[in-house]
Amino acid sequence: MIPPRQFLFYYRLLSHHRWLAERRSPLFASNRAAKWTMAVSGLLLAAYLVFIAVLMALSIRDERGHTALEFFMGISVFVLIADFLGRFFLQNTPSHLVKPYVLLPIPTHVLIDSFVLRSLFSPSSVIWLFLFLPYCLMAVVFPYGLAPALSFLLLWWILIMVDSQWYAIVRTLVIGNMLWWLLPVAVGLLLSLPWLLSGKIDHMMESYASIGSLLDEGSLVPHLAALALLLLLIVINSRVQYHAVWTELTKEGHQSFHTLSGLAALNKYGLVGEYLKLEIRSLLRNKGPRKLFLSATVIVVFISLLITLSTVYDDAFMTNFWCIYDFIVYGGMLLTRTMSYERNYISCLMVHKESLLSLLTAKYYFSCLMIAVPFVMMMPMIIIGKWSLLMVVSYAVFTAGMQYFLLMQIAVYNKQRLPLNEKFIGNGNTNYVIMLLMILAFVIPMFLINILQSVLTEQVSWCVMMIIGCGFIATHHLWIKNIYNRIMKNKYSLTEVADA
């Protein structure tokens, strides 16, 4: 146990180092424009949250059965779930940031504790103030006074920090073993227990509205309970992160090999066939790609079962959303890492002319083949008549065409090296260009299909989507060649990043 003053010194030093690491990163220049775009997106999200807060504040004026605090605490579970899911896009786990510092004369537990402390004040926590502050100002301050509003804000700030620690724990455990996904599922079921027992969501909201009643009475019990939970999760998070890093640093080298005689059929496709075999072997032998592939498969199976067995998502918007999203899962998981894993041997790829072009082509073909998995999983929905065969085929073609075109542009901007087997120790820098391309790949299809269906019939809209997808598929050699040329223009800087 080091003195608090020394810990504060290490905390300030490491914070300064993280700031310098972001500025010295090869991603800094390319991130600048993307950061502005992400900032604009953040402002739009903030405006959306303010709009929701105003609507809730106006609606609570007509609510006679509940106070403003009871109403908001009644929906607290949904806010916390949204915060938890949103952190997967914005927050790194502390164990991912430790690699540059493990050789320094600083105790590992001090490194972990410093990054755990920094995670409490991540930008994903601050964004929620655009929901809490307007609601407090309109629905709590004027009717009830300043003290209940401050009490409400303090409780929610503690709850958001609790969610940040819970996310870090779950994310780290899941990276180690996917069976840990059962933990957040179990907690979600526990939080929804009043709903599950009664079969009515109103009963669950009434249960959590009682916390708002305590706030109305000026009670500090909710704050003390939330603070105790926060301290407990901080301790658990620190130990989980330390165990993950220590296990990664002290692991014994072992590797399993698989003999795949059936891959000989790909020999006739030349170098592209060799890289297709490399993709398959990489998924079997390396922990990083294999974890991504298994995660994508689980998501596809879950979505397909959810749509098949439930009638909640049968409206037109949700049908389009889930069908498009189901197809792009594999591409979103695998193509967004293009050139990140290959950064480990990028110098070898550049020895032979157009070897990298064959690699990119093989990756595109492999991702297109993976579309067959969600297509097969959607067959029950087609057979029972919930979805149209024309819709499913058109969205599959559109994904293989335009969406994969957008996702493969990431190869040009992917300057971050990812280890093939190390799971926890990695670079924590965020590439905002990649985030922007991923957002476009998810948003453009929904935007396009909604516009088409507003002016055309469904069948014609699906045909238009299919034609667009076929156009990109037919010209894939041209735009993959363009991606290859843009990568080769920066080949020397890419090899410098790989050797860093």
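Is lysine 363 buried or exposed, and at what relative accessibility? At 8% relative accessibility, lysine 363 counts as buried, where buried means under 20% relative accessible area, exposed over 50% and partly exposed in between (1.4 Å probe, protein chains only).

The model is predicted, so local features need pLDDT of at least 70 and side-chain atom pairs count only at pLDDT 80 or more, while totals for chains, interfaces and linings use all residues. Residues are numbered from 1 along each chain as its sequence is written, and side-chain values use heavy atoms, with hydrogens and water left out.

**View 1. The protein chain as a whole.** The protein chain has 25 helices and zero strands. Helices (H or I, at least four residues) and strands (E, at least two) are DSSP runs, numbered from the N terminus. Of the 500 residues in the protein chain, 44% are buried. The accessible surface of the chain comes to about 25,500 Å², and carbon and sulfur atoms hold 70% of that surface; accessible areas come from the Shrake-Rupley method with a 1.4 Å probe, and for residues only the protein chains shown count as cover. Among contacts (heavy atoms within 4.5 Å) with a separation of 6 or more, 82% are between residues 24 or more positions apart.

**View 2. Glutamate 279 and lysine 363.** Glutamate 279 lies in helix α13 (residues 270–285), and lysine 363 is found in helix α17. The two residues are 84 apart along the chain, and their C-alpha atoms are separated by 7.4 Å. Their side chains are joined by a polar contact of 2.8 Å. A polar contact is a pair of N or O atoms within 3.5 Å; within protein, one must be able to donate a hydrogen and the other to accept it, and residues adjacent in sequence count only if both atoms are side-chain atoms. Glutamate 279 is buried, with a relative accessible area of 12%. Leaving aside neighbours within four places in sequence, glutamate 279 is in contact with Glu342, Leu359, Lys363 and Phe366. With the neighbours within four places again left aside, lysine 363 is in contact with Glu279, Leu335, Thr338 and Glu342.

**View 3. Helices α13 and α14.** The axes of α13 and helix α14 (residues 287–309) are 6 Å apart, and the helices pack at an angle of about 90°. That makes α13 roughly perpendicular to α14. Axes are lines fitted to C-alpha atoms, for helices over the stretch in contact, and angles run from 0 to 180 degrees between N-to-C directions. Angles under 35 degrees count as roughly parallel, over 145 as roughly antiparallel, 65 to 115 as roughly perpendicular and the rest as oblique. Ser282, Leu283, Leu284 and Arg285 of α13 meet Lys287, Pro289, Arg290 and Phe293 of α14.

**View 4. Helices α17 and α20.** Helix α17 (residues 355–370) and helix α20 (residues 389–408) cross at roughly 135°, and their axes come within 11 Å. The two helices are therefore oblique to each other. On the α17 side the contact is made by Leu360, Tyr364, Ser367 and Cys368, and on the α20 side by Ala400, Gly401, Tyr404 and Met408.

**View 5. Tyrosine 325.** Tyrosine 325 has its place in helix α15 (residues 316–334). At 27% relative accessibility, tyrosine 325 counts as partly exposed. Not counting residues up to four places away in sequence, tyrosine 325 touches Ile299, Ile303 and Phe442.
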